[in-house]
Amino acid sequence: MAKALRFYQLADGYAYNSDSLLLLDFAAQFCKNTPKNILDMGAGCGILGIMCAHYFHARVVAIECQPKVALLAAINAKTAPFNTQFNPHANSEPSKPKGSCQVLCADFLDKATPQHALNLLASMPSQEHLAQSPRIHPHTPQPKSSPKFDLLLSNPPFYHDSTLKSTNEFLRQARYESQLPLQAWIHQSKKLLTPRGALVFCFQASEIARVLEALKQESFTCETLRLVYPLQSKRAKLVLIYARLDSKAKLCIEPPLFTHNSPEQSDFTQEVAQIYATYRTHSIKVYAQDIVDSSLIDKCGEILTFAT
């Protein structure tokens with residue numbers, strides 16, 4: 001059985017759930033063949049990006065706008081098994097490919113964020129030289145040949161403003177689409193992706209028509225789609241989407257994913273149980289008010305960058 005990855009996350013904020021693991025498993029088919037440059041948008045505690053670095057040996061930049069949440073993501077990345085620079089228990093076998101993850105605390109929609117993220121990616125060593133290559137400051141202008149991201153991965157906020165909003169600032173930022181509008185972030189992503197770059201994300205199943213139209217307006221084509229149902233007798237709640245820039249491919253609709261066998265929803269289906277067994281996590285909850293040690297930022301200085 002795979003060893004669980006440890007994730008610090010807020011007890012009084014948005015916590016990752018099954019959506020993240022289902023999205024990760026869906027993304028695996030697009031990430032496994034060759035190591036990718038991946039952007040984790042709205043990273044939260046960093047679960048998606050860090051697991052991509054760990055399982056798919058990707059180079060990841062995780063963008064999170066909330067400073068305390070970004071700090072937790074940086075701590076999680078710093079202590080991840082692939083980070084041999086900081087983790088003495090990590091496998092340091094030189095021939096084994098390794099991923100890496102950097103955290104950028106920034107507003108994804110800010111006009112300066114794409115350049116910050118691309119500079120940060122350019123500063124990251126390749127898989128072959130993770131331990132040897134010097135790190136360039138992310139705000140240093142990079143040559144035009146700087147790499148771009150192959151894929152943007154995200155579990156974006158998609159609750160409507162019409163739903164009752166939480167008074168908790170951490171939950172409000174992470175849950176409601178008004179904080180990160182669908183059309184706006186799809187448009188912004190084009191500045192970060194390679195010419196044939198892709199988006200892999202989840203959204204409310206009831207919003208499929210609007211999602212497909214938003215993708216079309218920004219020259220993305222949805223190539224693969226999978227619907228997630230809580231039960232065979234229930235309507236789909238979630239849709240998993242793979243969309244690529246300037247693609248002429250036809251849409252592939254994958255078989256439905258059912259999460260539970262019975263209405264009590266206490267028994268996962270075999271497929272979902274296998275996903276949980278493959279991508280095991282251990283959550284450690286901390287309260288935002290307890291994150292007061294300013295030295296933590298210094299200790300994560302090689303992992304965490306604040307946009308200026």
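Good morning, colleagues. Please keep in mind throughout that the model is predicted. The protein chain has an average pLDDT of 87, and 82% of the residues score at least 70. Two stretches call for caution. Over residues 86–90 the pLDDT stays under 50, and the model has nine contacts beyond four places in sequence for them. Residues 129–138 also have a pLDDT below 50, with 19 contacts in the model beyond near neighbours in sequence.

Let me turn to the chain as a whole. Nine helices and twelve strands are present in the protein chain. Of its 308 residues, 50% are buried. Among the contacts in the protein chain with a separation of 6 or more, 73% are between residues 24 or more positions apart.

A single residue illustrates such a separation. A28 belongs to helix α1, which spans residues 18–31. Is A28 buried or exposed? Its relative accessibility is 4%, and A28 therefore counts as buried. Its C-alpha atom is 8.3 Å from that of C52, a residue 24 places away along the chain. Leaving aside residues up to four places away in sequence, A28 touches F56 and Y279.

D40 is buried and has no salt bridge. How far away is the nearest side chain of opposite charge? That side chain belongs to R59, and it is 15 Å away. A polar atom of the D40 side chain does, however, lie 2.9 Å from the backbone nitrogen of G49. G49 is also one of the residues that D40 touches, not counting those up to four places away in sequence; the others are G46, L48, V60, V61, A62, I63 and L153.

The buried residues are T113, P114, H116, A117, L118, N119, L120, L121, A122 and S123. Their cover includes strands β2, β3, β4, β5 and β12, together with helix α6.

Helix α6 itself covers residues 182–189, and its buried residues are L182, W185, I186, Q188 and S189. Viewed down the axis of α6, these buried residues fall within an arc of 165°, so they line one face of the helix. Among the elements that cover them are β2, α4, β5, β6, α7 and β7.

That brings me to α7, residues 208–217. Which residues of α7 are buried? They are I208, V211, A214 and L215. Down the axis of α7, the buried residues fall within an arc of 130°, and so they line one face of this helix. A209, K216 and Q217, on the other side of α7, are exposed. After α7 comes S219, which has a positive phi, near 70°.

To close, I would recall two points. D40 is buried without a salt bridge, while its side chain has a polar atom 2.9 Å from the backbone nitrogen of G49. Thank you for your attention.

Key:
Residues are numbered from 1 along each chain as its sequence is written. This is a predicted model: local features need pLDDT of at least 70, side-chain atom pairs count only at pLDDT 80 or more; totals for chains, interfaces and linings use all residues. Side-chain values use heavy atoms; hydrogens and water are left out. Buried means under 20% relative accessible area, exposed over 50%, partly exposed in between (1.4 Å probe, protein chains only). Lys and Arg count as positive and Asp and Glu as negative; His and the chain ends are not counted. A salt bridge is a side-chain nitrogen of Lys or Arg within 4 Å of a carboxyl oxygen of Asp or Glu. A polar contact is a pair of N or O atoms within 3.5 Å; within protein, one must be able to donate a hydrogen and the other to accept it, and residues adjacent in sequence count only if both atoms are side-chain atoms. Contact means heavy atoms within 4.5 Å. Helices (H or I, at least four residues) and strands (E, at least two) are DSSP runs, numbered from the N terminus. The arc is that of the directions from the helix axis to the C-beta atoms. pLDDT is the predictor's confidence in each residue, from 0 to 100.
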